[in-house]
Amino acid sequence: MQYRRLGRAGLPLSALSFGAWATFGKSVDRSMARDLLALAWDRGVNFFDNAETYGNGVAESLMGDVLADLRFPRDSWCVSSKVYFGAQEHPKPTQRGLSRKHVIEACHQALARLRVDYLDLYFCHRPDPDTPVAETVAAMDLLVRQGKVLYWGTSEWPADAIVEAHRVAKENHLAAPTMEQPQYNLLHRERVEVEYAPLYAEYGMGTTIWSPLASGLLSGKYDDGVPADSRLAHPDYAWLRESVLGEHGERVAKVRRLRPIADELGCSTAQLAIAWCLANPQVSTVMLGASRREQLEHNLGALDVLPKLDEAVRRRIAQAVE
Ligand SMILES: NC(=O)c1ccc[n+]([C@@H]2O[C@H](COP(=O)([O-])OP(=O)(O)OC[C@H]3O[C@@H](n4cnc5c(N)ncnc54)[C@H](OP(=O)(O)O)[C@@H]3O)[C@@H](O)[C@H]2O)c1
């Protein structure tokens, strides 16, 4: 495993980490969750990502139960939660958003579900137009001072809202956001590469990036249709289909064009796509998702592909998916 600092913070996160969205409590039952977390930890993964909304709290309870069972030393791994969407199917107004009330209560609930005394990373899952940024920053600062959260960050916030959070934090001597959690993959680059470009040097922000395979698309599994046991075949994720595959399947066509390059490098398109994310030095950790052991095992192999991605190869890859 390779370890990278979370932006300018001192925390060393494994370059490949592991998340629970759309899997834990759905396609992944307790026994599989145990296998996956054990495999990840064995291979040096030290960051497990979660959120209040994943399975309406079920994913966090399952992860907490398995981590307690596995008994890895608490100081050898990091766990996250995210607040915003709520942990109910239909949250009441106070059960969602980024008000001081919900940020604090959601933290306490995540601590209970994950069975930990503190969250290593805690994210605002989306911006909340109904709450002043200053209120959210102050709530996060309070949790940091109480030792319930070690690093707080944002997820899919526009760059100007992140800048505003830093301004408020600086002016009021409060803890500022350390990291952002954006989508980043070969088919979704703009925000990480262009919109956030000024944030890295100015504020030392790290990134924990999500959907490195665009929900599995970049593995090539959708090249010939939607397999019955895949994420996009699951009724809960029907809403994802068009955005992942493209209105006329044009995103599938791009993935097919990656295959000859992967063949040349002696790897799969999944490993190629993950290694491509790792090649961006602004990426602190690439969060993997997996519904089976073989997938995680295979995807962890992306680290061996990284040295093969010199500038010329990266240019060819980018051209193939243009
Ligand atoms: N902050 C946010 O808003 C946000 C949003 C989304 C995700 N996340 C985080 O990011 C993590 C990773 O995102 P993601 O799950 O979308 O990542 P991803 O790597 O794009 O997709 C993972 C899915 O692709 C399929 N897959 C993975 N490896 C494969 C392989 N080698 N061959 C064939 N299929 C393979 C599996 O689904 P199937 O087997 O079911 O097809 C797996 O669950 C999440 O768990 C979550 O923690 C955060």
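A: Helix α1 meets helix α2 through R30, A33, R34, L37 and A38 in α1 and L62, M63, V66, L67, D69 and L70 in α2, where contact requires C-beta atoms, placed from the backbone, to lie within 7 Å. The residues of this contact divide into 8 nonpolar, no polar and 3 charged; Ala, Val, Leu, Ile, Met, Phe, Trp, Tyr, Cys and Pro count as nonpolar, Asp, Glu, Lys and Arg as charged, and the others, Gly among them, as polar. This is a predicted model, in which local features need pLDDT of at least 70 and side-chain atom pairs pLDDT 80 or more, while totals for chains, interfaces and linings use all residues. Residues are numbered from 1 along each chain as its sequence is written.

Q: Why are α1 and α2 called oblique to each other?
A: Helices α1 (residues 30-42) and α2 (residues 58-70) pack at an angle of about 60°, their axes 10 Å apart. Angles under 35 degrees count as roughly parallel, over 145 as roughly antiparallel, 65 to 115 as roughly perpendicular and the rest as oblique, and α1 and α2 are therefore oblique.

Q: What makes β9 and β10 a pair of strands?
A: Pairing needs at least two bridges found by DSSP, and 2 bridges join β9 (residues 206-209) to β10, the two running parallel. T208 has T285 in β10 as its bridge partner.

Q: Which residues are closest to the ligand?
A: The closest are G19, W210, L213, G216 and G289, among 30 residues that surround the ligand, a residue being near if its C-beta atom, placed from the backbone, lies within 6 Å.

Terms used:
Helices (H or I, at least four residues) and strands (E, at least two) are DSSP runs, numbered from the N terminus. Axes are lines fitted to C-alpha atoms, for helices over the stretch in contact, and angles run from 0 to 180 degrees between N-to-C directions. Two residues are in contact if their C-beta atoms, placed from the backbone, lie within 7 Å.
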